[in-house]
Amino acid sequence: MTSPNEAVADLSPFTGSWSLDPGHTSIVFLTKAMWVLNVRGAFQAIEGSGTVGADGSVSGSIVIDASSVDTKQKKRDNHLRTADFFEVDAHPTITFSLTDAHPKGAGKVELTGTLTIRGTTRPVTLLAEVSSTHDSATIATEFDIDRGEWGLKWAKMGAGLQNHVIINARFTKS
């Protein structure tokens, strides 16, 4: 199929149904605290799937367990689960829903969809690298978001609202 250095001319090699492999998927975020301290955290994906039609149409989703937030600091993680941030009791998941994809050459695909965090859904467009074998595909993307656009505006002592997100999602052909 393709490696990250090969062009993705069209999506036809990916025609079919795909299932997320949560055990081989990573979701990492980076932010700043007190203006200078780097904070790194991670989430666990629960499930996901995707379909590429013979006509090039795409659909899919990745569902993330919001309560799985892990910054390696229990007190901070517990605070991130409260109403100040993810409010996991009322909003237990974060979901990316894919609605369109366009090859961009050099192993890249532009993914269009929506991101739902804490009950707020906003459109997003991501540039991703795709690599694949005959029965698996890995989609890797990095992007920046302003968490305030999803209602997560709590900040203390210079906590940044900007977050850098890194996702490596592995799918297997169903």
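I began with D65, which stands opposite T93 in strand 5. This is a predicted model, where local features need pLDDT of at least 70, side-chain atom pairs count only at pLDDT 80 or more, and totals for chains, interfaces and linings use all residues. Residues are numbered from 1 along each chain as its sequence is written, and side-chain values use heavy atoms, with hydrogens and water left out.

Next I looked up the pairing. Strand 4 and strand 5 run antiparallel, with 6 bridges (two strands pair if DSSP finds at least two bridges between them; strands are DSSP runs of E, at least two residues, and helices are runs of H or I, at least four, both numbered from the N terminus). Strand 3 (37–52) also pairs with strand 4 (58–70) in the antiparallel sense, over 9 bridges. I found G60 in strand 4 as the bridge partner of G50. In that hairpin, 5 residues sit between the strands, and G56 takes a positive phi near 90 degrees.

Then I went to V88, in the loop between helix 1 (74–80) and strand 5 (93–105). Buried or exposed? I noted V88 as buried, because its relative accessibility is 12% (buried means under 20% relative accessible area, exposed over 50%, partly exposed in between, with a 1.4 Å probe and protein chains only). Leaving out residues up to four places away in sequence, V88 touches A66, S67 and R81 (contact means heavy atoms within 4.5 Å). The C-alpha atoms of V88 and A66 are 6.1 Å apart, though 22 residues separate them along the chain.

Last, I checked F86: its contacts beyond four places in sequence include F43, I94, I117 and L152.
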